[in-house]
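Open the model in your viewer and keep the sequence panel beside it. The stops below tell you what to select and what to look for.

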Amino acid sequence: MTTDPGDDVGDDDLVPLAKAAKIFLHGHLTKSSLRTEHAKGTLEIIRIANKDFVTRNGIRRMIELCKVRTNEKARQPTEARPGITAQEALRMQLAQAKQARATEAVAGSPRAAAKARLKQLRDSLPAKN
């Protein structure tokens with residue numbers, strides 16, 4: 001009788017990524033795949049001394065989050081869905097980032113702060129007749 005190498009691992013025991021890929025996912029994924037899932041936000045990785053670990057429960061949560069859900073909305077053709085195209089969304093994100101950088105540059109400079117304060121002072125003065 002052979003035993004599963006993962007049988008002695010508890011639900012919250014730390015397991016290195018390579019070993020976790022072998023015992024929990026039977027080698028179908030690699031530690032690089034697990035890092036990809038971490039980057040996507042579906043897998044919690046515990047980093048100790050620059051070494052990455054996961055738990056059996058963490059793998060279970062990842063599997064649950066990665067389940068492909070099919071529903072009526074997902075089956076509709078893309079042209080039937082309201083919204084914007086990926087290109088339009090990207091343009092909007094770039095414009096927002098550009099505006100944020102410009103705002104940071106202006107707000108962060110002492111000259112801009114002085115100009116803003118002068119404008120406030122001018123605006124608070126009584127109007128000349």
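Select D123: it is exposed, at 55% relative accessible area (exposed is over 50%, buried under 20%, partly exposed in between; 1.4 Å probe, protein chains only). This is a predicted model, where local features need pLDDT of at least 70, side-chain atom pairs count only at pLDDT 80 or more, and totals for chains, interfaces and linings use all residues. Numbering starts from 1 along each chain as its sequence is written, and side-chain values use heavy atoms, with hydrogens and water left out.

Next, show D11, R56 and R60: salt bridges with shared partners join them into one network. The count of salt bridges comes to eight.

Move to R61 and E44. Their side chains meet in a salt bridge, 3.5 Å from N to O. The pair links distant parts of the chain, 17 residues apart: R61 is in helix α3, E44 in the loop between α2 (31-40) and β2 (46-48). R61 is partly exposed at 45%, and E44 is partly exposed at 48%.

Then pick R47 and D52. Here the N to O distance of the salt bridge is 2.6 Å. R47 counts as exposed, at 55% relative accessibility, whereas D52 is buried at 9%.

Which residues touch the most other members of the largest nonpolar core? Select F24, L34, L43, V54 and I59, out of 14 residues in that core (buried Ala, Val, Leu, Ile, Met, Phe, Trp, Tyr and Cys joined through side-chain atoms within 4.5 Å). Helices α1 (17-23) and α3 (56-66) each supply at least two residues. α1 gives the most, with four.

Centre on V54. Beyond four places in sequence, its contacts (heavy atoms within 4.5 Å) include D13, L14, L43, I46 and I59.

Zoom out and colour by secondary structure. There are six helices and three strands (DSSP runs numbered from the N terminus: H or I, at least four residues; E, at least two). From the N terminus, the order is β-α-α-β-β-α-α-α-α.

Finish with the surface. Of the 129 residues, 19% count as buried. The protein exposes about 10700 Å², with 56% supplied by carbon and sulfur atoms (Shrake-Rupley method, 1.4 Å probe; for residues, only the protein chains shown count as cover).

Note on methods: Salt bridge = Lys/Arg side-chain N within 4 Å of Asp/Glu carboxyl O.
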